[in-house]
Amino acid sequence: HEVARLPPASRQSVLMAEADQHMPQGVAENYRFWGQKRTVFVKTSKGCRFTDVDGKEFVDFRLGYGPIILGYRDERVDRVVCEQIMERGTLSGFSSGLDSEVARQIKGLCPQIEKIRFANSGTEAVMGALRTARGFTKRNRIATVEGSFHGLYDEMMWRTDLDNWDYDGKTEPHIIPAGGGIPPVSRDLMDIIVLNDFEKLEDLFKVRGDSLAAVILEPIIGNAGSISASQEWLQRLRDLCTENGTMLVIDEVKSGFRVAKGGAQELYGIYGDLTTYAKAIGNGYPVACFGGRRDVMDAIGSHQGGVVHGGTYSANMIAVSAAHATLKVLAETDANKTIDRVGQQLMDMLGRVFEEAGVENHFAGPPAMFGMHFGPNVPTNYRHWRTTRSGLYQCFAWQLIDLGVMLEPDCREPWFICESHQDVDLAWLEDTCRIAMKRALEL
Ligand code: PMP
């Protein structure tokens, strides 16, 4: 009788207990672990919504960390991919012609791209771009920007230790690895600068000008709540790279084909020597690439001293057919405009909700990928972001999740908008946000 009275176990808890036996923390990769009770298991998805294994439906502004640009299960893409799989095959380890067709599409949208190579993930695209920069310049050092994320490559896993820094402005924080298993030697060639800090930028080139192969950055930091480079700072970085023969590598893994058809570089009108793309290029299929100046990309190849780039799955037919179909929709329709319009409506709506609640807030970044920060100013760098009320954001986000609106409970992850969000009932969403904010403030 006792057993009969217990509530039925949720499907989530059953699956989590099972997954725990097979995978560290019960997940396939670190970032989807949200705790024993909160780790999400998804059953189906369509448009801008998904349903979890217990039948709860969510409107999703997380979109798998950004790849979904049109919507889940978009027929314009999925039909093309299914036809490819059923009628022509997935992989041969040879060229297809469709790879160069996709390259042509990318060049049509992104004028700084003259040649590209394919990869399977953002991490791999970054590895390829940085090795190419090193091979072309014959230099070794790389600089990144504090608060950014460029994938799981050892050298990209170094951080400034802001938790143990006193913000006195006199000392600089220590640089530490993001976790275990990162060899100290991978730190030796890395420098970290601070977004929008002219002094640190000038110092970097003064000290490292001759040895710096590349500076890699996201001008709109999709991993720090879309806080953005100022036009002047990015231009100064561009000029210093040019003067010093350093490759400017713009990581558009999150922003590419999303914040504009031509990505962040189109918005700024400032272009990198190399660019990395992934995520939105395939509306959820695993496809990535890097590319840029012809002379730089031609450092890749099997000639003596050529840069080695390869991969069994590079430009596999699932990846390139998905990219081909997605880029065709983005090039030929107003999808990006729709996304911008809906994103702007959302920002306006959220602004109203916070004003009513008396909570100071600021948005950062463009509507397709905006960050939201509680505090008196828009953060201009990652150090500054850390002074915002991220705890309040977290409470607000958990309340929204409870009410069926999915987003990352960490405001370093922006709100991602897809074309299908045009179907969302904004009045319902506004009420829901109001309830979530009220509850968050009561906690
Ligand atoms: N660069 C940026 C800017 C990213 O946001 C990410 C992933 N969030 C990566 C690189 C790595 O991409 P992936 O997870 O596909 O390896």
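Mentor: Start with a crossing. H11 and H14 cross in a right-handed sense. Their contact draws on Gln 345, Met 349, Leu 350, Val 353, Phe 354 and Ala 357 from H11. H14 brings Leu 426, Leu 429, Glu 430, Cys 433, Arg 434, Met 437 and Leu 441. The axes of the two helices come within 10 Å, at an angle of roughly 35°. Bear in mind that this is a predicted model.

Now take H14 by itself. Helix H14 covers residues 426–442, 17 residues in total. From first C-alpha to last, H14 reaches 24 Å. That is close to the 24 Å expected at 1.5 Å a residue.

Next, the buried side. Leu 429, Cys 433, Ala 436, Met 437 and Ala 440 are the buried residues of H14. They lie on the same side of the helix, because they cover an arc of only 100° around the axis. An α-helix has 3.6 residues a turn, so residues three or four places apart point the same way.

What covers that side? The cover over the buried residues of H14 includes helix H11 (335–357) and helix H13 (390–402). Leu 429, Cys 433 and Met 437 are buried, and these three are also among the H14 residues in the contact with H11.

On the face away from the buried side sit the exposed residues Ala 427, Trp 428 and Glu 442.

Technical notes: Residues numbered from 1 in each chain as written. Predicted model: local features only at pLDDT ≥ 70, side-chain atom pairs only at ≥ 80, totals over all residues. Helix = DSSP H or I, 4+ residues; strand = E, 2+ residues; numbered from the N terminus. Expected span 1.5 Å × (residues − 1). Buried ≥ 20, exposed ≤ 12 C-beta atoms within 10 Å, placed from the backbone. Arc of directions from axis to C-beta. Contact = placed C-beta atoms within 7 Å. Axes fitted to C-alpha atoms, helices over the stretch in contact; angles between N-to-C directions. Left-handed = near helix turned anticlockwise from the far one by under 90°.
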